[in-house]
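I hope they are handy to have beside you as you look through the coordinates.

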Amino acid sequence: MKVLVASAWPYVETVPHLGNLIGSILSADVFARYARLKYGKENVLFVSGSDEHGTPIEIEAIKRKVNPKELTSQAHEYVKKLFLDTWEISFDNYTRTESEVHKKFVSEFLLSIQKYIKVKEEVLPYCENDKIFLPDRFIKGTCPYCGFEDARGDQCDRCGRLLSPELLINPKCAICGSKPIYKKTKHWFFDLSQFSEKLKDWLSLSKTMPENVKSVALSWIQEGLKPRSLTRDTSWGIQAPFEGSEGKTIYVWFEALLGYVSATIEYFENNGNNEKWSDYWFGNVKSFYFIGKDNIPFHAVIFPAMLLASEKNYVLPSVISATEYLMYEGQKFSKSRKIGIWIDEAPQIMDVEYWRFVLVRLRPEEKDTNFLWRETLRIINTELNDDIGNFENRILSMINRYFSGVVPGYHVELEDEHDKKLLALMRDTPSKVSLEFERGRLKSGTDYILELAREGNAYLNLKAPWDRVKDRKEIAENTLYIGINLIRELAIMLYPIIPSYAKIIYSHLNLTNIEEEMWDNIFSLSLQPGHKVRKASPLFKKIDLDFEKQVQEKLSSIRKELEKTRPTLLR
């Protein structure tokens, strides 16, 4: 079986913030690292890329009087380097929508589903000042549903409802602010309505799709699917391939969704296996998508409808893991108001792997969640340092002190109820974590990892091997034998979340190549008597209680420096 892991494509108009990161990219990376351990790295493919077309970038290019590609190329390389080099995101292919492979695939795919595409005239807003039609984000106004005064022509940022320009109240041109007039123009529409029943059946019958995704998608279908415009009167993007569509481009959402397929094709073309891409889109495949909740309609309705339209038996998504919003101290992330932390700022504040751990522990899986500094300190100081780091240090220190760094023997005949209880928990935990991960519930999975670490600490305190080594050495040997194998188990389960620190823990056990471990063999008690371990020093450091104050003092200077180095589009 093959496993495709995909994260929503970040839009390169801005540097992603922490909420963007955990909503898609980081979540997908944690799952991809897990999946390689579970299914074998040769059977897993992790793809994404920069979404660089669309009206916001075209507007910015018009204002700056430059070619949009000049802006997006710089931004793509900057963000890609952050993901790969700084945040340890293990993409197999991180590409871009300006990729020639992507543009070719999108054109060919859309031509192949033409029987579901209709042409019709519509009346759209037109700016007489700028001499252009105003699709999507070229036009702003008041949302008719929630009254938000800065809604875009395609979606409201406040309530998340999908919109079209004619629905906006008090519309205005996003470039010059003038009031538009309305003119006729011709567009190509994908007829979603023809897939209502198939989509409804697929979602209703799915045993793996998360309920929040099902609920939103089925509600959308219940309201009645209508033909949705595939084309736009814009110049920046993939040129529409249909006869008579000269001067029009493909709506960014339709083409970006097809990027999951084109990124797979590109990966195998780059590796000289042009036909292997189909292994991840047809047949025995599981596919996992990591997105924010505002993207549910696109991934759970529009994308599968397009795949169904192709009539080639593409595998539909197995799991679409959609997070709720991560707020920053009770407020929405806002670059203009300087609310939040962005992914090029965060590494200058704290160790990236501390961030990875904190964000996974805060992952908003059931409701909007607040990033709070006091909670961040608790997670690092209590969970990472005390529950995990302290346990590892205690076990290794005692094995080195009492047994010269050699794993002691195990005496089955002396096994007591506390030994049996912890061994049972060690046996069961990996499967519990796996079950949660494969439901797209990463935070819930880490709850079980931390429960095991805490039980390990409680077990150690109860058994007190520092005392037993004096009067019942065999009891102490049993305790430390179980403890050292528990550390190995924790290291492997933590690898998807904090890979570098997991490797360090693994190396302390005098083991190499943690990536070669298999998830289903985590409970193996493979550190047998006689195995030599290394000395360990404290792995993590606690954070001072006044850390938040230090951050606020530091942020201003960090931002000033980044404004000098960020690409033009991202400033």
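**Notes on the model**

1. A salt bridge here is a side-chain nitrogen of Lys or Arg within 4 Å of a carboxyl oxygen of Asp or Glu.

2. A word on the basis of these notes. This is a predicted model, in which local features need pLDDT of at least 70 and side-chain atom pairs count only at pLDDT 80 or more, while totals for chains, interfaces and linings use all residues. Residues are numbered from 1 along each chain as its sequence is written, and side-chain values use heavy atoms, with hydrogens and water left out.

3. By the salt-bridge rule, the count comes to 45. One of them joins Glu517 and Arg488, whose closest N and O atoms are 3.1 Å apart. This pair links distant parts of the chain: Glu517 sits in the loop between helix 16 and helix 17, Arg488 in helix 15, and 29 residues separate them. Helices (H or I, at least four residues) and strands (E, at least two) are DSSP runs, numbered from the N terminus. Both Glu517 and Arg488 are buried. There is also a network, in which salt bridges with shared partners join Arg361, Glu375, Arg378, Glu383, Asp387, Lys443, Asp447 and Arg454.

4. Now for a pair with some accessibility. Asp150 and Lys140 meet through their side chains in a salt bridge, at 3.9 Å from N to O. Asp150 belongs to the loop between strand 6 (139–142) and strand 7 (151–152), and Lys140 to strand 6, 10 residues apart. Asp150 counts as partly exposed because its relative accessibility is 38%. Lys140 is partly exposed too, at 28%.

5. On to the domains. The chain is divided into domain 1 (2–115 + 252–345) and domain 2 (385–532), with bounds that come from an automatic or database domain assignment. Their C-alpha centres lie 36 Å apart. The contact between them (heavy atoms within 4.5 Å) takes 17 residues from domain 1 and 19 residues from domain 2.

6. How much area is buried between domain 1 and domain 2? The value is about 1,600 Å², with carbon and sulfur atoms giving 59% of it. Buried area is the accessible area (1.4 Å probe) that two parts lose on being put together, summed over both. On the domain 1 side, Arg33, Tyr34 and Leu37 supply 43% of the area buried against domain 2, more than any other three residues.

7. Across this interface between domain 1 and domain 2 the rule finds 3 salt bridges. Elsewhere in the list of pairs, Lys286 forms a salt bridge with Glu438, at 3.2 Å between the closest N and O atoms. The interface of domain 1 and domain 2 also has 10 residue pairs in polar contact, both residues at pLDDT 80 or more. A polar contact is a pair of N or O atoms within 3.5 Å; within protein, one must be able to donate a hydrogen and the other to accept it, and residues adjacent in sequence count only if both atoms are side-chain atoms. On the side of domain 1 that touches domain 2, helix 1 (18–39), strand 13 (285–292) and strand 14 (319–323) each supply at least two residues. Helix 1 gives the most, with 9 residues.

8. Thr97 deserves a look. This residue lies in the loop between strand 3 (93–96) and helix 4 (100–112). Thr97 counts as buried because its relative accessible area is 0%. Its side chain reaches the backbone nitrogen of Glu52 at 3.0 Å. Leaving aside neighbours within four places in sequence, the contacts of Thr97 include Trp9, Asp51, His53 and Glu255.

9. Finally, some backbone angles to check. Most residues other than glycine have a negative phi. Glu88, in the loop between helix 3 (68–86) and strand 3, has a positive phi near 60 degrees. Leu525, in the loop between helix 16 (499–508) and helix 17 (547–565), has a positive phi near 50 degrees. Asn510, which follows helix 16, has a positive phi near 65 degrees.

Definitions and conventions. Buried < 20%, exposed > 50% of the residue type's maximum accessible area, 1.4 Å probe, protein only.
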